[in-house]
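Me: I'd like to walk through this one from the sequence and the coordinates. Shall we take it a question at a time?

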Amino acid sequence: MGALRPTLLPPSLPLLLLLMLASQLAVTVGPGERRIGPGEPLELLCNVSGALPPAGRHAAYSVGWEMAPAGAPGPGRLVAQLDTEGVGSLGPGYEGRHIAMEKVASRTYRLRLEAARPGDAGTYRCLAKAYVRGSGTRLREAASARSRPLPVHVREEGVVLEAVAWLAGGTVYRGETASLLCNISVRGGPPGLRLAASWWVERPEDGELSSVPAQLVGGVGQDGVAELGVRPGGGPVSVELVGPRSHRLRLHSLGPEDEGVYHCAPSAWVQHADYSWYQAGSARSGPVTVYPYMHALDTLFVPLLVGTGVALVTGATVLGTITCCFMKRLRKR
């Protein structure tokens with residue numbers, strides 16, 4: 001008798017087997033509803049189960065976390081994921097944050113946010129997908145499963161800001177420097193709260209404020225760095241912190257183009273252990289009207305020029321008339 005030859009499986013059979021096994025994909029999450037404070041780390045675990053073949057030549061898996069704000073419909077937006085090659089990536093809006101997505105066991109995955117923010121509150125779901133590869137090299141999605149929703153609550157800081165802004169002196173003339181001051185009051189908030197303030201202007205058109213959004217003139221950030229926008233008159237601008245909670249905007253060499261309604265917009269910021277910032281509160285002052293008046297001599301200068309011109313024309317006319325009449329009489333004689 002000849003030697004027994006192993007039975008070869010049809011190429012499509014492994015694919016069918018993997019499709020059948022992948023249909024049993026299931027996802028569970030833990031540790032349960034979470035309540036944390038801002039700046040604290042957030043860790044969520046996702047366990048993938050089922051009669052699944054190990055990842056390898058014919059099978060591959062991807063796992064990610066999605067978040068939807070409380071009350072929002074749908075699964076939400078992607079926070080982070082591990083693709084079929086085990087490469088991690090962050091979802092839109094999470095770039096630059098300290099977020100880790102890693103595999104901690106054969107079928108257990110962990111999402112960790114180093115410093116939670118109030119905006120991280122919502123409903124989280126873990127999404128797992130199983131892929132199979134047939135005789136070719138392209139992966140085909142065989143199944144997917146989402147976990148039950150996992151609520152996460154992040155306490156608000158409770159920061160309340162108020163701002164009062166005014167024009168120093170009350171009246172300013174063309175060519176002078178307009179100084180606008182903004183005093184900020186703060187209630188609540190954690191230790192180490194930082195303040196920022198920006199100045200904005202709305203320009204009048206045909207006697208009315210335009211529908212164009214307010215334009216940034218300048219400001220000082222929570223890190224003390226000045227940011228300059230665009231001044232309507234195009235001249236020099238200076239922004240500075242003149243007290244712990246007092247900011248000043250100065251418009252040098254004021255011109256008619258600087259006319260407008262200005263306001264101060266303070267904001268409160270908290271820095272976490274991972275050196276990231278998040279905005280804990282904001283406010284807006286009342287309107288401050290800046291109208292560059294003309295000096296009294298300037299208002300008289302234009303009528304003086306006009307009057308002088310009229311007088312010269314009138315004098316020349318009278319003189320011409322007299323001269324004409326005098327020459328006519330001389331001819332008669």
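Me: What is the relative accessible area of Arg 250?
Reply: This is a predicted model, where local features need pLDDT of at least 70, side-chain atom pairs count only at pLDDT 80 or more, and totals for chains, interfaces and linings use all residues. Residues are numbered from 1 along each chain as its sequence is written, and side-chain values use heavy atoms, with hydrogens and water left out. Buried means under 20% relative accessible area, exposed over 50%, and partly exposed in between, with a 1.4 Å probe and protein chains only. Arg 250 is partly exposed, because its relative accessible area is 26%.

Me: Which residue does Arg 250 form a salt bridge with?
Reply: For a salt bridge you need a side-chain nitrogen of Lys or Arg within 4 Å of a carboxyl oxygen of Asp or Glu. Here the closest N and O atoms are 3.3 Å apart, and the partner of Arg 250 is Glu 240.

Me: Which strand holds Glu 240?
Reply: Strands (E, at least two residues) and helices (H or I, at least four) are DSSP runs numbered from the N terminus. In the salt bridge between Arg 250 and Glu 240, the closest N and O atoms are 3.3 Å apart. That pair links distant parts of the chain, 10 residues apart, with Arg 250 in strand β21 (residues 246-251) and Glu 240 in strand β20 (residues 237-243).

Me: How many residues apart are Arg 112 and Glu 43?
Reply: Arg 112 and Glu 43 form a salt bridge, their closest N and O atoms being 2.4 Å apart. Arg 112 sits in strand β8 (residues 108-113) and Glu 43 in strand β3 (residues 42-49), so this pair links distant parts of the chain, and the separation is 69 residues.

Me: Is Arg 35 buried or exposed?
Reply: Its side chain meets that of Glu 33 in a salt bridge, 3.4 Å from N to O. Glu 33 is partly exposed, with a relative accessible area of 48%. Arg 35 reaches 61% relative accessibility, so Arg 35 counts as exposed.

Me: How many salt bridges does a search of the whole structure find?
Reply: The Glu 33 and Arg 35 pair is one of them. Over the whole structure, the count is 12.

**The tyrosines**

Me: Which residues form the nonpolar patch on the surface?
Reply: Patches take residues with over 30% relative accessible area and no salt bridge, joining like charges within 9 Å and nonpolar side chains (Val, Leu, Ile, Met, Phe, Trp, Tyr) within 5 Å. Areas come from the Shrake-Rupley method with a 1.4 Å probe, and for residues only the protein chains shown count as cover. With about 290 Å² of accessible area together, the members are Tyr 173, Tyr 291 and Tyr 293.

Me: Why is the pair of Tyr 173 and Tyr 293 called tilted?
Reply: Rings of Phe, Tyr and Trp (its six-membered ring) pair if their centres lie within 6.5 Å; planes under 30 degrees apart are stacked, over 60 edge-to-face and the rest tilted. By this rule there are two aromatic pairs. The rings of Tyr 173 and Tyr 293 have centres 6.2 Å apart, and the pair is tilted because the angle between their planes is 55°.

Me: What angle lies between the planes of Tyr 291 and Tyr 293?
Reply: Tyr 291 counts as partly exposed at 40% relative accessibility, and Tyr 293 counts as partly exposed at 41%. The two form an edge-to-face pair, 4.8 Å centre to centre, with the planes at 75°.

**A serine and the whole chain**

Me: Is Ser 285 buried or exposed?
Reply: Ser 285 is in the loop between β23 (277-282) and β24 (288-290). With contact meaning heavy atoms within 4.5 Å, Ser 285 touches Ala 163, Val 164, Ala 165, His 263 and Cys 264, leaving out residues up to four places away in sequence. Its relative accessibility is 6%, so Ser 285 counts as buried.

Me: What percentage of the chain is made up of buried residues?
Reply: The chain has two helices and 25 strands. Of its 333 residues, the buried share is 37%.
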